[in-house]
Amino acid sequence: MEQKQDVVYYQAKGGKYRWVAVTALLLAIGAILKMVTPGVAGVTPNWTIAMYCIAINLIRPSLSQAVGIGLVAGAVNIPFSKSAFPYGNLVSELAGALICTLIVSAAIDIKIGKLNIRPAISGFLSTVCSGLVFTGILKIVLSLPLQAYLYGMLPVVFITGAINCLITQLLYFPAQRLFDANGGH
Amino acid sequence: MFKVAPLTKIVFTMVVSLWAVALFSPLALSVVVGVQLLLMVLGRVEAKTYKATAYLALFAVFLFLLQYVFVPDTRLALVTGLKMMAMAMVFILVLATTRVQDLTAALVGQCRIPYEYAFMFTTALRFVPDFLSESRTIQEAQACRGYSTKGNIVKRMINFLAIVKPLVLRAISRSETMALSMELRGFGSQKRNIGSQVALGWHDYTALSGMVTVTLGIFLY
Amino acid sequence: MSEIVISGLSYTYPKAAKPSLQNVSLKIDSGAFAALAGLNGSGKTSLCLAIAGAVPHYYGGAMAGQVYTGEVKTTESGICEIANIVGLVLEDYESQLVTLTVEEEVAFGLENRGVEQSEINRRVKEALQMVGLSGKEKQQTAALSGGQKQRLAIASVLATKPQILVLDEPTSALDPEGASELYELLHRLNQDHKLTILVVEHDLSLALPFASQFILLADGSVEKAGSPAEVLQYMGSKQHYACSLPPLWQLKLGLEPEFSSFGDWKTDDEAANELIHCLEKLEAGKSA
C-alpha cells in the first residue's frame with residue numbers, strides 16, 4: 001500500500017454562507033437575552049443590536065448585506081416582543097446595521113494605544129443611531145410631547161448606547177478568535 | 001378573512017400601520033382596534049394571543065399616562081395609546097393566524113426578498129427555544145459557581161456577561177457546522193424551487209380592494 | 001464493488017502545524033457496517049469529512065492521495081454532488097437542523113436542489129418513515145427530544161438518497177438507551193435499505209453486535225482494520241487500548257488464557273450461551 005502521492009494544495013471554498021449562519025445564531029441569542037435579562041434599574045442592554053454589531057464586526061458584510069441583516073434583526077423580535085411599533089424596529093435596525101457596517105469597513109484605524117476599539121465604537125454608534133431613529137419615528141407617529149422625548153427617551157438611548165458599547169467590545173474578541181480558528185479541530 | 005394569502009396579510013399590516021398614522025380621531029382608531037379584536041375572535045386564536053394583546057393594552061395605558069403627564073389633554077393621550085395599540089396589534093393578529101414560514105415564503109416568492117435573509121430569519125427563530133434552554137443551563141451552572149445578579153449595576157452586568165459569553169461562543173462554533181451542512185445540502189444553488197406559496201385568489205382581491213377603499217376614504221376625508 | 005476506497009490519503013488543515021491524516025488507505029465494501037475508533041485527535045472526524053468531500057473542498061489545506069465514493073473521486077466533484085452519494089451527520093447534529101418544522105428540514109436539501117414539489121413530498125414521507133419519525137411532519141424541530149433531533153438529521157441527509165451514511169460520534173450526547181436505539185436504527189438502514197454505514201464510535205461495544213468491519217485510527221493513520229474480531233484481538237494486545245475494549249471482549253480475552261478459546265462474541269447472549277455450554281462441559285468432566 002506504500003505509495004508516494006503528490007500533495008495538492010486546495011483553496012478553501014467553504015464558508016460562503018457562514019455569514020448567514022453566524023448572523024442567524026447571534027440574532028437568536030439577541031432575542032432570548034431580551035427575554036431573560038434581569039432589568040437593572042430599568043435600563044437593559046439592547047441585545048439585538050449588540051449581537052448584530054458583533055456579527056457585522058466578524059463577517060464584514062457589504063452594504064447590501066447590511067440592509068438584509070438590519071431588516072432581519074428588526075423582524076426577529078416581532079414574534080416575541082411586545083414592540084410598540086414593529087415597522088419602526090425594521091427601519092431603526094436597518095439604520096443601525098448600516099452605520100455599523102460603515103464603521104467596520106472604514107479604512108482608518110480605530111485604536112487607543114494598541115487596543116482596537118472599533119467594536120466599541122461601532123456598538124455605541126449603531127445603538128445610538130438605531131435608538132434615535134426608533135424614538136424619532138415613535139415621537140412623530142404617536143405625536144409624543146417634546147419634553148417626553150428629550151427627558152424620557154434620549155437619556156435611555158445614550159445609556160443603552162454606552163452599555164452596548166461595553167458589551168460589544170468585551171464579547172467581540174473572544175468571538176473573533178473562535179471565528180477565525182477555521183478548521184482547527 | 002382567514003383564507004386570505006400570506007401576502008395579503010403582510011399588506012394588511014402595512015395598511016393598518018398607515019391608517020394608525022393617518023387617523024387622529026379616537027373613535028376611528030377605536031374602530032381599527034375593535035375590528036382587529038373581532039378578527040382575533042373570528043380567527044379563534046389561542047389564549048396566549050389575548051395575553052399578548054393584554055400586555056400591549058397595558059403598555060398603551062402607560063403611553064396614555066406618559067402623554068397625559070406632559071400634556072394634560074385626554075383626547076391627545078387617548079389617540080397616542082390607541083395608535084400604538086392599532087399598529088402593534090396587527091402583528092400579533094397576523095402571526096397568530098399565519099405560519100411564519102408562509103409569510104417568509106410570500107416575501108421570497110412574491111416580494112423578491114433574497115432567500116438568504118428569509119432563511120436567516122426562520123433559522124434564528126428555530127434556535128430561540130434551544131438557546132433559551134441552553135441559557136438556563138448556563139445560568140444554573142454559573143449560579144453554582146457563585147456568580148450572582150447582586151451588587152451594583154456594572155458588577156451585575158459583568159456577571160451577566162458570564163452567561164452571555166458561553167452562549168455567543170457556542171453559537172460561533174455552531175455556525176461552522178451549520179455553514180458546512182448548508183453547503184452539503186445545496187444551499188445557495190440557483191436551482192432552488194421557491195416552494196409552495198399561496199397565489200392570490202378572489203378572497204385576497206376582495207380584501208385588498210377593501211383596504212384600498214378604506215385608505216382612500218381616510219385620505220380623501 | 002467497494003463503496004468507499006481511500007488510497008494514500010494525507011491531509012493537513014490550512015493553519016495546522018501537523019497533518020490530521022497520514023497515508024490512510026482503506027476499503028469499505030458496499031453494504032458494510034463499519035465502525036471507526038481511535039483516541040481523541042486520531043483523525044476520525046477528518047476522515048469523515050474527507051469521505052463527504054468537505055475535506056478538502058470546504059476547509060482547503062494540503063491533501064495527497066484519493067478518496068473514491070462509489071464511482072466518484074471526491075476531489076473532482078462538488079461538495080453538494082458528493083452529498084447525493086454520502087450523507088454526513090456531524091457530531092453536533094443539532095446545528096445541522098435549520099428549519100422550524102420537521103418536514104421542512106427534510107425537504108430543505110431537496111428544495112435547494114430544485115426537486116419537484118410532488119417528489120419532495122414523497123421523499124420526505126419516505127425518509128421520515130425510514131427513521132421512525134412518521135406522523136411528526138408538522139412538529140416544531142425545537143420540540144423534539146435529543147434522540148429525535150438526531151433521527152431528523154439522519155432523515156434530512158437520507159432525503160437525497162445517498163448510498164453511504166457517515167455519522168460522527170452519534171452517541172456522544174445520547175443516554176445508553178438512546179444509543180442502543182440508534183444502533184438498532186442504523187442496523188435496519190443497513191439491512192433493509194442496503195445503506196453502507198460508517199460510524200465513529202468511542203464505545204465499540206455499541207457497534208459490536210452490528211458492525212462488519214472495525215477501523216482503528218491512531219495519529220492520523222490506520223493502525224488496524226479488518227473484521228471486528230481481528231481488530232479487537234489486536235486492541236486486546238495493546239495496553240493503551242485496554243479501556244476501549246468492549247467489556248465482553250475484556251472478559252473473553254481475560255478468560256481465554258485460563259480456558260479454551262471462545263468464539264468471536266458479538267452479543268451478551270452469544271457469550272452467555274458459550275459460557276454456559278463450557279461450564280456444563282466442565283461440570284460433566286468433574287462428575288465423570
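**Exercise 1.** Locate A:Arg60 in chain A and describe its phi.

Solution. Step 1: A:Arg60 lies in the loop that runs between helix 2 (47–59) and helix 3 (63–76) of chain A. Helices (H or I, at least four residues) and strands (E, at least two) are DSSP runs numbered from the N terminus.
Step 1: The phi of A:Arg60 is near 45°, a positive value in a residue other than glycine.
Step 2: Most residues other than glycine have a negative phi.

The model is predicted, with local features requiring pLDDT of at least 70. Residues are numbered from 1 along each chain, and chains are lettered from A in the order written.

**Exercise 2.** Describe how chain B meets chain A.

Solution. Step 1: In chain B, 57 residues are in contact (heavy atoms within 4.5 Å) with 65 residues of chain A.
Step 1: The two chains bury about 5300 Å² between them, as accessible area (1.4 Å probe) lost on being put together, summed over both. Carbon and sulfur atoms carry 84% of the area buried between chain B and chain A.
Step 2: On the chain B side, B:Tyr117, B:Met120 and B:Ile172 lose the most area to chain A, together 12% of what that side buries.

Conventions
This is a predicted model: local features need pLDDT of at least 70, side-chain atom pairs count only at pLDDT 80 or more; totals for chains, interfaces and linings use all residues. Side-chain values use heavy atoms; hydrogens and water are left out.
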